[in-house]
Amino acid sequence: MTAPICTDGFIHKKTKKIMIRRRQPERSQQVRHAVQWLFIALNAWIGVQFYLWVRYYERGGVGLYVPRPAGVDGWLPIAGLMNSKYLLATGRVPAVHPAAMYLFLGFLLMSLLLKKAFCSWLCPVGTLSENLWKIGQRIFKHSFHLPAWLDVPLRAIKYLLVAFFVWIIGAMSAEALDGFMASPYGVVADVKMLNFFRDIGLAAAIVIGVLAVLSILVQNFWCRYLCPYGALLGIASLLSPVKIRRDVEACVDCGKCATVCPASLKVDELVQIRSVECNACMACVAACSTQDALQFALPARKQDVRQQRWFRRALSPLAVAAVIAYIFFGTILIARATGHWQSNIPQDVYINLVPYANQVTHAGI
Ligand code: SF4
Ligand code: SF4
């Protein structure tokens, strides 16, 4: 039994620390889920528009025409990386899939400011993953954790993948990057991606099915072990000034924050979470019922460092959502205003390529 000491304070039974209950309800998960589903709706809309655009060219340019949604480039992270290297090398915005580059740089900026918020607030694969492990928890009453001897080497896979892509793309010259993106393969990379899901083969369906089952059993299986995009954003997130920060004086060491962390981080033992695995989901903050004990916050001001007080530096869930929205829509606005949002490809090129996208192969293959 906890012993009441005042109207809102209790002595925590294990630590004998005075626990002051939250004065305001914590709404991070409601806000985050709303942002996640809005982004899913946006992607569904982009998907339908892109499908109609592809069908127009597959019919030989007759019937209903809808413009190509440039946002589909967000599903081409490799093109985003290649085009970013091209921009860095030449100072010029690439002509093909420039939106892939803008979105990639926008998500990179998000990670530099807000840890891997992209993964837990926007990424549709992250949203799907989260809902799958929640289904698993409903069925099995808990998620399964891989033993450390398996978990640690598996976590290295995503870094090996990202190192591979960075190495290959880093070694390409600007001319080679331009040649690849402007080749038939580069131009219809988005159509090939759609066709992959439209005409999915047995082997690919089995792999996706296995990943779905593993995602039900293990929290964020894809994100934790395999996603190179998340790995890259995780490395950038090390520089984020906003982190999960714990006030050791206010904290009553109940451990609830660590229990709910999908990345299995020791939130209840650390003062701040620097880990590349933290995706800024704020589930730990939502689980903490102690006033000012845990925040997604900027570093303390100098005079507050001794006490490790973060509460005047915390970002509310709405502020996090606002920063994400500013970066996302700001990036699109800049790209549109400078005339670099859409690929600069003439219609007759699409007429000749889109219906035959499956036959278009990478140069040299
Ligand atoms: S530390 Fe908190 S914000 Fe980071 S992943 Fe764990 S629960 Fe989410
Ligand atoms: S920070 Fe974690 S351990 Fe401390 S009171 Fe909050 S939930 Fe409990």
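For what follows, Ala, Val, Leu, Ile, Met, Phe, Trp, Tyr, Cys and Pro count as nonpolar, Asp, Glu, Lys and Arg as charged, and the others, Gly among them, as polar. The model is predicted: local features need pLDDT of at least 70, side-chain atom pairs count only at pLDDT 80 or more, and totals for chains, interfaces and linings use all residues. Residues are numbered from 1 along each chain as its sequence is written, while chains are lettered from A and ligands numbered from 1 in the order in which they are written.

**Exercise 1.** Describe the shells around ligand 1 and ligand 2.

Solution. A residue is near a molecule if its C-beta atom, placed from the backbone, lies within 6 Å of it.
- Ligand 1 is surrounded by 14 residues, the closest being Cys-261, Cys-278, Cys-281, Ala-283 and Cys-284.
- By class, 13 of the shell residues of ligand 1 are nonpolar, one is polar and none is charged.
- Around ligand 2 there are 15 residues, with Cys-251, Cys-254, Cys-257, Asp-268 and Cys-288 nearest.
- The shell of ligand 2 divides into nine nonpolar, two polar and four charged residues.

**Exercise 2.** Determine how the buried residues of helix H7 are arranged.

Solution. A residue is buried if 20 or more other C-beta atoms lie within 10 Å of its own, exposed if 12 or fewer, and partly exposed in between, with C-beta atoms placed from the backbone. Helices (H or I, at least four residues) and strands (E, at least two) are DSSP runs, numbered from the N terminus.
- In H7 (residues 174-182), the buried residues are Leu-177, Asp-178 and Met-181.
- Viewed down the axis of H7, these residues fall within an arc of 95° (taken from the directions from the helix axis to the C-beta atoms), so they line one face of the helix.
- An α-helix has 3.6 residues a turn, so residues three or four places apart point the same way.

**Exercise 3.** Characterise strand S5 and its pairing with strand S4.

Solution. Two strands pair if DSSP finds at least two bridges between them.
- S4 (residues 243-246) and S5 pair in the antiparallel sense over four bridges.
- Within this pairing, Lys-243 has Ala-297 of S5 as its bridge partner.
- Leu-294 and Phe-296 point one way from S5, Gln-295 and Ala-297 point the other way, and all are buried.

**Exercise 4.** Is Arg-312 buried or exposed?

Solution. 
- Arg-312 lies in the loop between strand S5 (294-297) and helix H15 (317-337).
- Arg-312 is exposed, because 12 other C-beta atoms lie within 10 Å.
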